[in-house]
Amino acid sequence: MADSRTLGNGGPVVFPIALGSEALAHGDGMRVLHEAIERGVELLDTADFYGAGGDEQLIGRAIEGRRDKVKLSVKFGGLRSPDGTFVGLDARPTSVKNFLSYSLKRLGVDHIDVYRPARLDPVVPIEDTIGAIADLVKAGYVRHIGLSEMGADTLRRAHAVHPISDLQIEYSLFSRKPEQSVFPVLSELGIGVTAYGVLAHGLLSGKARPADRTGHRAHLPWFHPGNFEQNVKLVDALSRIAAEKAAATSQLAIAWALARRKDLVPVVGARTVAQLSETLAALSIELSAEDLARIEAAVPQEAVAGTRYLPRLMELLDSEREPRGLR
């Protein structure tokens, strides 16, 4: 079994790769979940609004009789209409407790291991939201409190109310901004990282092609014409390094993220058992300081074309805001 990682001071100890649930509903989800658990994956990451609760129900069925082998990370607060459109956020204290009660029911468990608001609710002080989750910790319904896509100032305010175990944030060779102002605060406060998007929405798989500019990718600037062609050149350079190590490009991207911080756990999705196996094989890749330098030189941040989301969505990300001292 791979060495475990601890999420924050006093946070959960978990297998070094977590399984995200968004891809499960589009593939052989039950088999992937069972295989992941059998191979030691402990942290299962989901949200109550994924599939309108369907993802939680799937996980609930998969972990029946296996609850002691997994830890559950659940995001809440994202609001969607029946057609799946994002319509807002709700992190009011009463809503927090209501959302949790439904998650416990769908998952078939008596507690959540890490509970976190999906984004910062602009009209609810973070202290109020964290205070409500802290009440749930005291009552035994939640073990640890996490955050998602929140910036340095919010992290400090939240951590002052109750210790935060980890911040979930997008982080990859294509998205390294957290290193500037967020990661230093995490190190200072003893907060871990669960990193999603380590494959840059599939770009860093080395298999993306123009035909992939559909669905949600059509709204991602990295995939827009012009940007996409520039970004593929960077991925091709990364693929050449991966080939030298007899590894897949995706595996090298995951190994790079694992090497950046010892308290970082990538959250990776898998639609099939084969994809899961490829992901877990990244744990066998050892990278030296020279390897890391070569990888980062092949994919320099300033050469990445486009932002990770459209401007309207970027404005919703508290993690993209500069700390007060830098404004």
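Modeller: What follows starts at the barrel and moves out to a hairpin, a helix pair, a cavity and a pocket. Keep in mind that the model is predicted.

Start with the sheet. Eight strands form a closed barrel with parallel pairing. The order runs β3-β4-β5-β8-β9-β10-β11-β12. On average, neighbouring strands of this sheet are turned by 25 degrees against each other, with direction ignored.

Now zoom in on one pair in that barrel. Strand β4 covers residues 43-47, and strand β5 covers residues 71-76. The two pair in the parallel sense, over five bridges.

Strands β6 and β7 are a separate matter. Strand β6 (residues 78-80) and strand β7 (residues 86-89) pair in the antiparallel sense. Three bridges join them. Gly78 stands opposite Leu89 of β7. The hairpin has five residues between the strands. In this hairpin, Gly84 takes a positive phi near 90 degrees.

Next, a helix pair. Helix α7 spans residues 227-244, and helix α10 spans residues 289-298. Their axes come within 8 Å and cross at roughly 155 degrees. The crossing angle is over 145 degrees, so α7 is roughly antiparallel to α10. From α7, the contact uses Leu234, Ala237, Leu238, Ile241 and Glu244. From α10, it uses Arg294, Ile295 and Ala298. By class, the residues of this contact divide into six nonpolar and two charged, with no polar ones.

A search of the whole structure finds three cavities of 30 Å³ or more. The largest cavity has a volume of about 60 Å³. Its lining consists of Ile169, Ser175, Lys177, Pro178, Ser181, Val182, Arg308, Ser319 and Glu320. Helix α6 (residues 178-189) gives the largest share of that lining, three residues. The classes are even: three nonpolar, three polar and three charged residues.

Last, an open space. The second largest pocket has a volume of about 350 Å³. It is lined by 15 residues. The closest to the pocket's centre are Arg5, Leu258, Lys262, Leu283 and Ile285. Helix α8 (residues 249-260) supplies the largest share of the pocket lining, three residues. The lining of this pocket divides into nine nonpolar, two polar and four charged residues.

Technical notes: Residues are numbered from 1 along each chain as its sequence is written. This is a predicted model: local features need pLDDT of at least 70, side-chain atom pairs count only at pLDDT 80 or more; totals for chains, interfaces and linings use all residues. Side-chain values use heavy atoms; hydrogens and water are left out. On a 1 Å grid over the protein atoms alone, a cavity is a set of points where a 1.4 Å probe fits but cannot get out, and a pocket is an open set with protein on both sides within 12 Å along at least five of seven lines; lining residues have an atom within 4 Å of a point. Grid points are joined across faces, edges and corners, and a volume is the space filled by probe spheres set on the points. Helices (H or I, at least four residues) and strands (E, at least two) are DSSP runs, numbered from the N terminus. Ala, Val, Leu, Ile, Met, Phe, Trp, Tyr, Cys and Pro count as nonpolar, Asp, Glu, Lys and Arg as charged, and the others, Gly among them, as polar. Two strands pair if DSSP finds at least two bridges between them. Axes are lines fitted to C-alpha atoms, for helices over the stretch in contact, and angles run from 0 to 180 degrees between N-to-C directions. Angles under 35 degrees count as roughly parallel, over 145 as roughly antiparallel, 65 to 115 as roughly perpendicular and the rest as oblique. Contact means heavy atoms within 4.5 Å.
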